[in-house]
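Please go through the structure below with the text beside it. The paragraphs start from a pair of charged side chains and move on to the sheet, a helix and the cores.

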Amino acid sequence: MEERATAATGGHVVLCGLNELGYRTLEELVRLGEEVVVIVRSPDDELARGARELGATLVPGSYRDQAVLRAAGVPVAGALVVTEDDDVGNLHAALAAQELNPGLRMRLRMFNRELGRRVQELFEDCQVFDSAALAVPAFVSAALLQDWQQRVEVDGHTLAVRRASPGDPGVLLALARVRPDGSAELFPGGDDQVLCLAEAPPLPARRNRHPERPALEQPGRLAAAWTVLLGADVRLRVTTAIVLVLTVTGIVIFWAFSEQNLDLIDAVYFTVTIMTTTGFGDIHLRNAPAPLQLYGVALMLSGTAALAILFALITDALISARLARVLGANIPRGLHDHVVVCGLGNIGYRMVEQLHDLGVPVVAAELQETNRYLPAVRRLGVPLLVADIRLPETLQTLHVEKARSVVVVTSSDIVNLETALNVQALNPAVPVVQRLFDPDLAARVERAFGIHISRSPSALAAPSFAVAAAGEHVLATIAVGAAVLAVARFHVAPGCQAQGRTVAELEAAAGSRVLLLEDAGGTRWRPDPATPLDGGTELVAVVPRGALGRLLAWTGTGATAARNPSP
């Protein structure tokens, strides 16, 4: 099937990467009224068909190929959004696009934070996003329930999402009243306890299991080797000691009593050749006294036996260590009140990392032994099990029946759902947080199966990419029940529809709430609803996902106001 040619007028958004995040970003861009050209590997897969139904223009090919980027209209485009899960490939595409359009607005997905920071400094107008980091706070909040508050940085102030009454001290805005079925009433009134955005208390100090122990210097190699030996199997330690005693004793006896006047080095050489039965005949006991010959026979028999046992125990230790990783022998038996993270992809690893930093007991499970994050998780000292998480025996090894919560974040919706249902079968009282691609499916699964919380990482991260492509900036996304709110910064353009209107009119038109307003009169938190809006005003608003386009249309940002006029 032939694709339509790109619009000659330009100013459109070029989207590279039609994966879960890319498709959700496309949906957000369409809601914002942006014209989108999507570079796809194959125009016939399911997501490509969905993109075509949304009205996007598809250009098949590699997003790193400059000819494909030119065919997508990058030389006249307004923005480039790259959502592929390949940091190097995304950088390659950005460099190729910059050569075609040096002033292009670039919004890139990168998991490596240090690389992302440097890439952001490389281009004139570039923002780099870690999609996992954008979504993880919602998963951590769900996993820890009331014991953790998602934090949002706004204009140098730290705010927290927590349950409170709208009239409580420090509360800035009532966000949502979440119903038992997972649906949410946004920006509710009343004085009952609801989810609010409030001033954040200081973070508690990270828990330390051994606070009385000072930090120790790194041991030397000999000290480290001695520590490993002391922690080894007692049979291995005893056998090692026997081999050492036999060796030292043989060296002393042959050095002192041999008629061949052996020096120390020759005595060491002769002892080792006897114990390993590899003697070459250059040194022998043929003319030695009978007691020394009998000792040589005894050393030969005992030495070979001891060495054989030593090598067998070393092999056993190596194999046992390998099996321990696979079979979960490193999972503490008395573990309880912990968080189980199933699946070590981008989201899972960031989850483990953040929970570990918070001092929360955490256990991880992953199916693939070749997973790239396993070494990093092991370096954190987090107990890790490599096994099929869908199996009940695997879940029992992870002690899910005693867990604080279970987070299932593999890349497969089917695996996530099956695992969540098996957890519920073992203990229906354990909260389960699962990852699902489709936010509508997530809400329905939550209601139908009684699974406590379902989250869509792509739905949480997509608004940041889409709004950034339109020229604005999302500070955070907040999951409230099945809804997603974006905390975003907007610029009121001179001559836009919002100029001369009041804060109340803007909030009513866009279904949002203005959190912060900066104008000639200074900075005001939760400004008076009657405050007029002037051109050049900066504001921070809390906006439902579906209302971002209306707010951008009112503030007249970029091409959105022309393409998505408000009624």
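**Salt bridges, sheet and cores**

Arg41 and Glu84 form a salt bridge through their side chains, at 3.2 Å from N to O; a salt bridge here is a side-chain nitrogen of Lys or Arg within 4 Å of a carboxyl oxygen of Asp or Glu. Because Arg41 lies in the loop between strand 2 and helix 2 (46–53) and Glu84 in the loop between strand 4 and helix 4 (87–100), the pair ties together parts that are 43 residues apart in sequence. Arg41 counts as exposed, at 68% relative accessibility, and Glu84 counts as buried, at 10%. Buried means under 20% relative accessible area, exposed over 50%, and partly exposed in between (1.4 Å probe, protein chains only). Helices (H or I, at least four residues) and strands (E, at least two) are DSSP runs, numbered from the N terminus.

This is a predicted model, in which local features need pLDDT of at least 70 and side-chain atom pairs count only at pLDDT 80 or more, while totals for chains, interfaces and linings use all residues. Residues are numbered from 1 along each chain as its sequence is written, and side-chain values use heavy atoms, with hydrogens and water left out.

The whole structure holds 20 salt bridges. In one of them, the side chains of Arg545 and Glu28 meet at 2.6 Å, N to O. This pair links distant parts of the chain, 517 residues apart: Arg545 is in the loop between strand 22 (538–544) and helix 18 (548–555), and Glu28 is in helix 1. Both Arg545 and Glu28 are buried.

The open sheet has 6 strands in the order 3-2-1-4-5-6, with parallel pairing; two strands pair if DSSP finds at least two bridges between them. Strand 3 (57–60) and strand 6 (126–129) are the edge strands, each pairing on one side only.

The largest nonpolar core has 49 residues, of which Leu18, Leu26, Val38, Phe490, Leu506 and Leu539 touch the most other members. Such a core is a set of buried Ala, Val, Leu, Ile, Met, Phe, Trp, Tyr and Cys residues joined through side-chain atoms within 4.5 Å. Helix 16 (residues 457–469) gives the most to this core, with 7 residues.
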